[in-house]
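Visitor: I am new here and would like to understand the words you use. Could you walk me through them?

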Amino acid sequence: MSGDFEPKIVVFACNWCTYAAVDLAGTSRMQYPHNVRVIRVMCSGRVDPQFVLEAFSKGADGVIVAGCHPPADCHYSEGNFKAFRRFTLFRRLLDSLGIERERFRLEWISASEAGKWVQVVNEMVNDLKKLGPLREKLEVR
Amino acid sequence: MHEEPRIGVYICHCGLNIAATVDVKEVAEYAKTLPNVVVARDYVFMCSEPGQNLIKDDIKNLGLNRVVVAACSPSMHEPTFRSAVESAGLNKYLFEMANIREHCSWVHGDRKLATEKAKDLVRMAVAKAALLEPLEEKEFPVYNSVLVLGGGVSGMRAALELARYGFDVYLVERSPTLGGKAALIGHVDLQTRGSDIVNKMIELIRRNSRIHVFTNSELIELKGFAGNYECKIRVYPRYVNERCNSCGECEEVCPIDVANEYDFGLSRRKAIFLPFKSAYPPYYVVDHRICTKCGECTRVCRFNAIDLTEEPKELNLNVGALIIATGYDAYRPLKGEYGHGFHNNIVTLFQLERLLDPEGPTRGELIIGGKVPRSIAFIQCVGSRNTTPNARSYCSRMCCTTAITDAIKIREKYPYVDVYIVYKDIMTYGSDESLYLEAGRRLVRFVKFEEEPPSVVISPEGIFIDLYEYTIQERIRIPVDAVVLSTGMIPRRDLEDVVRVTRVSIGGDGFLREAHLKLAPVESPTKGIFLAGAVTGPKNIMESIRMGSAAAAKAMDLLSKGKVVAEPMIASVNEDICSGCAICVGVCPYDAISIKLVDSDRIAHVEEALCMGCGSCVAACPSGAMQQFGFKDKQVRAQVLAAFG
């Protein structure tokens with residue numbers, strides 16, 4: 001595996017908690033790896049698992065879906081629970097596709113948890129560097 | 001309809017905030033190569049007047065129909081650019097922002113990598129922008145009136161604020177009097193009692209013609225949406241009218257006798273009674289739940305003020321907003337919890353407050369079990385902070401301050417009484433810390449326990465408190481004449497009734513949940529319903545009053561424009577594709593979706609005014625018939641694809 005592999009990570013962040021946490025990491029001038037591309041949605045409950053599959057198929061090495069902490073932080077009462085249920089099932093689908101579970105993370109990051117955001121990005125980049133590019137893996141098949 | 005997208009891209013330097021890390025010229029040059037991009041420029045401050053004019057001029061001169069600004073977070077300047085776009089004649093939802101400051105230049109040091117990332121983010125925004133559609137903001141007129149549920153300090157304050165600004169207020173209180181718990185307990189400081197404030201507020205409400213008070217009433221139905229609620233209240237009869245002059249003769253002949261909840265069970269009252277001296281409306285009331293209608297009271301009343309034939313009435317009210325300020329219940333210890341119920345000299349903090357009240361059952365004298373105790377101990381955190389198996393996990397916020405205030409008052413009036421405060425931690429936050437110091441100066445004795453709660457031992461020799469004293473690390477026994485259990489606040493037992501009617505949600509501790517603890521602390525998750533006071537969790541009197549003002553301000557903010565703008569980024573159904581499977585119906589947290597018959601086909605229908613735009617139904621829809629404006633599948637997907645060039 002090449003040492004200079006830079007994974008690409010697509011992030012679906014809810015508008016109210018995680019997107020705000022990513023903003024806070026910025027205003028606090030925290031430094032973290034450049035590998036993430038954040039897509040804003042109103043709620044983690046909006047994230048269709050198909051978006052995640054599509055990201056993987058187009059070249060993402062990892063995907064993060066992030067929203068507000070259960071049980072009570074969700075701006076829309078229960079969207080985070082919907083995301084939780086969907087992506088719990090979705091993980092099993094990843095198994096059957098041969099995509100390592102480490103490539104997908106469902107995270108709860110509140111608007112004040114910029115530190116957690118940075119930590120999640122760091123962890124994921126490290127994990128993915130160990131796993132190597134997904135594309136190579138898929139192309140072998 | 002299908003005009004070709006003509007996109008203008010604007011890269012902001014934000015002074016050096018972006019330009020120092022991202023090569024803005026390079027990004028702008030790159031943007032020019034993207035599909036549908038007609039013009040790309042960089043400028044030092046896009047949000048400035050000249051920056052906005054760049055956009056406006058290009059819209060006019062180059063016929064742009066989509067605009068992308070790569071700058072700061074949309075939470076910062078999206079509204080600015082949307083209105084700039086709108087003022088140039090373009091629908092303001094044909095605008096997309098790329099966040100290259102918070103998400104890029106401020107968090108990455110490497111200029112080359114940051115520039116590459118900025119290009120990616122711009123490319124993603126351009127891809128989405130090409131698929132944006134104009135959205136329409138629908139407006140609905142609003143009712144200039146507010147229903148305030150709960151006549152405690154918080155609700156009264158909200159009502160006063162609203163009335164002052166010209167809104168009609170229906171103040172609906174379930175009990176027979178305004179005032180709430182603050183009328184019965186609580187010091188705002190050493191000089192001011194809660195009841196002083198309550199009485200002042202009642203006086204202002206009495207004189208205000210815009211505030212319509214309904215006591216003995218409850219909300220039984222709520223329909224509609226923010227700005228346009230139709231509600232129904234049920235007014236239970238008082239059976240006593242304004243001819244009553246509170247002579248009290250009826251009370252003497254009434255045969256029904258129950259514990260007086262307005263003295264927390266320290267005294268007895270009749271079925272016909274006056275809750276407390278300054279109660280409002282200021283006349284007697286018959287407790288409709290226990291009255292047997294024997295008619296004794298009507299026979300003795302010399303003013304013809306009692307009519308036992310009154311029936312409950314139902315009223316329909318139209319309001320624009322609802323403020324829920326129904327307060328809390330005092331925690332009631334279980335029988336045997338710290339000896340509660342086993343000895344008359346063991347009282348709760350709420351009962352002590354009545355004893356110390358000049359209008360209470362002992363006229364302000366500290367008489368417990370027939371005499372003034374020589375020593376008295378407060379046990380803190382009763383029912384709070386997991387001290388006992390029945391206790392809640394949260395801190396009840398007001399008990400430390402209240403107990404310490406009472407301890408100071410007792411030491412002031414009865415210097416020979418020994419006062420102990422048996423505590424786990426003292427939480428006299430903010431300026432209340434001075435009370436803690438004052439208690440120390442007055443030789444109130446603080447005794448600390450840690451994990452193991454103290455035990456109250458009742459023996460023929462008297463009452464003892466046994467505990468492991470944490471500071472001296474020793475097991476000790478304190479003989480006392482009386483014990484005060486510093487009981488906390490719990491959600492109201494009848495909160496469920498409010499929840500059933502209003503569909504607000506309950507949070508982890510059993511109190512009502514705010515839309516967001518920090519970003520929307522007085523809003524419920526449902527637009528148009530606001531929360532005030534201890535209904536969202538333990539609050540002291542001052543905090544409840546402030547929250548009443550805040551909730552009133554938010555309600556006025558909603559109604560003051562005379563119309564409400566519905567959230568445009570809502571869900572909508574493609575009726576040609578919808579199969580009526582109704583998965584979306586169950587997913588919607590707002591009951592905004594229903595199944596309707598269209599030409600005998602089952603089709604999902606979104607009630608636009610109720611939809612808040614979370615998009616959960618869109619992700620759940622198996623056929624792609626449900627879409628969210630601004631976040632359609634194709635729009636989000638375009639962004640995903642563009643992330644990879």
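Guide: Let us begin with one residue: B:I541 sits in helix α14 (residues 541–559) of chain B. Helices here are DSSP runs of H or I with at least four residues, strands are runs of E with at least two, and both are numbered from the N terminus. This is a predicted model, in which local features need pLDDT of at least 70 and side-chain atom pairs count only at pLDDT 80 or more, while totals for chains, interfaces and linings use all residues. Residues are numbered from 1 along each chain as its sequence is written, and chains are lettered from A and ligands numbered from 1 in the order in which they are written.

Visitor: Why is B:I541 called buried?

Guide: A residue is buried if 20 or more other C-beta atoms, placed from the backbone, lie within 10 Å of its own, exposed if 12 or fewer, and partly exposed in between. B:I541 has 26 other C-beta atoms within 10 Å, so it counts as buried.

Visitor: Which residues is B:I541 in contact with, leaving aside its neighbours within four places in sequence?

Guide: Contact asks for C-beta atoms, placed from the backbone, within 7 Å of each other. On that basis B:I541 is in contact with B:V153, B:A182, B:G186, B:V188, B:G194 and B:I197. B:A182 is 359 residues away from B:I541 in sequence, yet their C-alpha atoms are 6.8 Å apart in space.

Visitor: What makes B:C381 and B:S600 worth a stop on the tour?

Guide: Let us take their backbone angles. Most residues other than glycine have a negative phi. Phi of B:C381 is near 60 degrees, a positive value, and phi of B:S600 is near 65 degrees, also positive.

Visitor: Is B:C381 buried or exposed? And is B:S600 buried or exposed?

Guide: B:C381, in strand β19 (residues 375–382) of chain B, has 26 C-beta neighbours inside 10 Å and therefore counts as buried. B:S600, in the loop between β30 (593–598) and β31 (601–606) of chain B, has 5 other C-beta atoms within 10 Å, so it is exposed.

Visitor: Where is there a cis peptide bond?

Guide: The bond from B:Y280 to B:P281 is cis, with omega near 0 degrees. B:P281 lies in the loop between β13 (272–273) and β14 (285–286) of chain B.

Visitor: Now chain A. How do you know that strand β2 of chain A is largely enclosed?

Guide: Six of the six residues of this strand (residues 36–41) are buried, so the rest of the structure largely encloses it. In a regular strand the side chains alternate between the two faces of the sheet. Both faces of β2(A) are covered, with A:V36, A:V38 and A:R40 buried on one side and A:R37, A:I39 and A:V41 buried on the other.

Visitor: What makes β1 and β2 of chain A a pair?

Guide: Two strands pair if DSSP finds at least two bridges between them. Strand β1 (residues 9–14) of chain A and β2(A) have six bridges and run parallel. In this pairing A:F12 stands opposite A:I39.

Visitor: Why is the unit of β1(A), helix α1 and β2(A) called right-handed?

Guide: A crossover is right-handed if, with the strands pointing away from the viewer, the path from the first strand over the helix to the second runs clockwise. β1(A), helix α1 (residues 18–27) of chain A and β2(A) make such a right-handed β-α-β unit.

Visitor: What is the order of the strands in the open sheet of chain A?

Guide: Its four strands come in the order β2-β1-β3-β4, with parallel pairing. β2 and β4 (104–108) of chain A each have a single partner strand, so one side of each is left without a neighbour in the sheet. Strand β3 (residues 62–67) of chain A pairs with β4(A) over five bridges in the parallel sense, and there A:V63 stands opposite A:F104.

Visitor: How many residues does each chain give to the contact between them?

Guide: Chain A gives 37 residues and chain B gives 42. On the side of chain A that touches chain B, the largest share, six residues, comes from α1(A).

Key
Contact = placed C-beta atoms within 7 Å.
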